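Please look over the sequence and the model shown below before reading on. The paragraphs that follow begin with a pair of side chains and then widen to the whole chain.

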Amino acid sequence: MSLDLFLPFIILISLTVYLIYTRSKFEKNILTSYEEKFEKWKENSTSNNEKKQECKQLVGLIYKEGYNITIELLDDSVSSTIQRGKFKIKDK
């Protein structure tokens with residue numbers, strides 16, 4: 001009688017060991033693939049951080065006096081840009 005249950009017990013044990021082994025192998029594969037994706041993400045995110053937009057900086061004030069427009073510069077480094085006419089006019 002004990003021999004009758006011995007064979008199914010061995011099959012059950014071997015099946016359990018097989019399933020545990022395949023699951024651990026699958027988890028390792030998933031872990032390595034996610035680590036690779038994380039490394040790629042880190043590389044891409046560092047390259048995006050370098051392309052940050054420059055902040056707006058107050059370098060001058062514009063006044064209207066009658067029909068004349070006066071630009072008062074707070075930072076002299078932009079005077080050549082203004083003299084060359086390289087600026088944009090933005091309406092609100």
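**Salt bridges, patches and overall form**

R23 and E27 are joined by a salt bridge in which the closest N and O atoms are 3.0 Å apart, the term meaning a side-chain nitrogen of Lys or Arg within 4 Å of a carboxyl oxygen of Asp or Glu. The model is a predicted one, in which local features need pLDDT of at least 70 and side-chain atom pairs count only at pLDDT 80 or more, while totals for chains, interfaces and linings use all residues. Residues are numbered from 1 along each chain as its sequence is written, and side-chain values use heavy atoms, with hydrogens and water left out.

Because R23 and E27 are four residues apart in helix 1, about one helical turn separates them; helices (H or I, at least four residues) and strands (E, at least two) are DSSP runs, numbered from the N terminus. R23 counts as exposed at 56% relative accessibility, whereas E27, at 43%, counts as partly exposed. Here buried means under 20% relative accessible area, exposed over 50%, and partly exposed in between, with a 1.4 Å probe and protein chains only.

The structure holds two salt bridges, and one of them brings together the side chains of K42 and E39, at 3.5 Å from N to O. K42 and E39 are three residues apart in helix 1, so they too are separated by about one helical turn. K42 is partly exposed, with a relative accessible area of 35%, and E39 is also partly exposed, at 40%.

A patch is made of residues with over 30% relative accessible area and no salt bridge, like charges being joined within 9 Å and nonpolar side chains (Val, Leu, Ile, Met, Phe, Trp, Tyr) within 5 Å. A surface patch of positive charge is formed by K56, K88, K90 and K92, of which K92 lies in the segment after helix 2 (79–84).

Turning to the whole protein chain, two helices and two strands follow the pattern α-β-β-α along the sequence. Its C-alpha atoms fill a box of roughly 115 × 25 × 20 Å along the principal axes. The radius of gyration, taken over C-alpha atoms, is 36 Å, whereas a compact globule of 92 residues would have one near 12 Å, by the rule of 2.2 Å times the number of residues to the power 0.38. Buried residues make up 1% of the 92 residues.

Methods
Areas by Shrake-Rupley, 256 points an atom, 1.4 Å probe, with all protein chains shown as cover. Lys, Arg positive; Asp, Glu negative; His and termini not counted. Charge placed at Lys NZ, Arg CZ, Asp CG, Glu CD.
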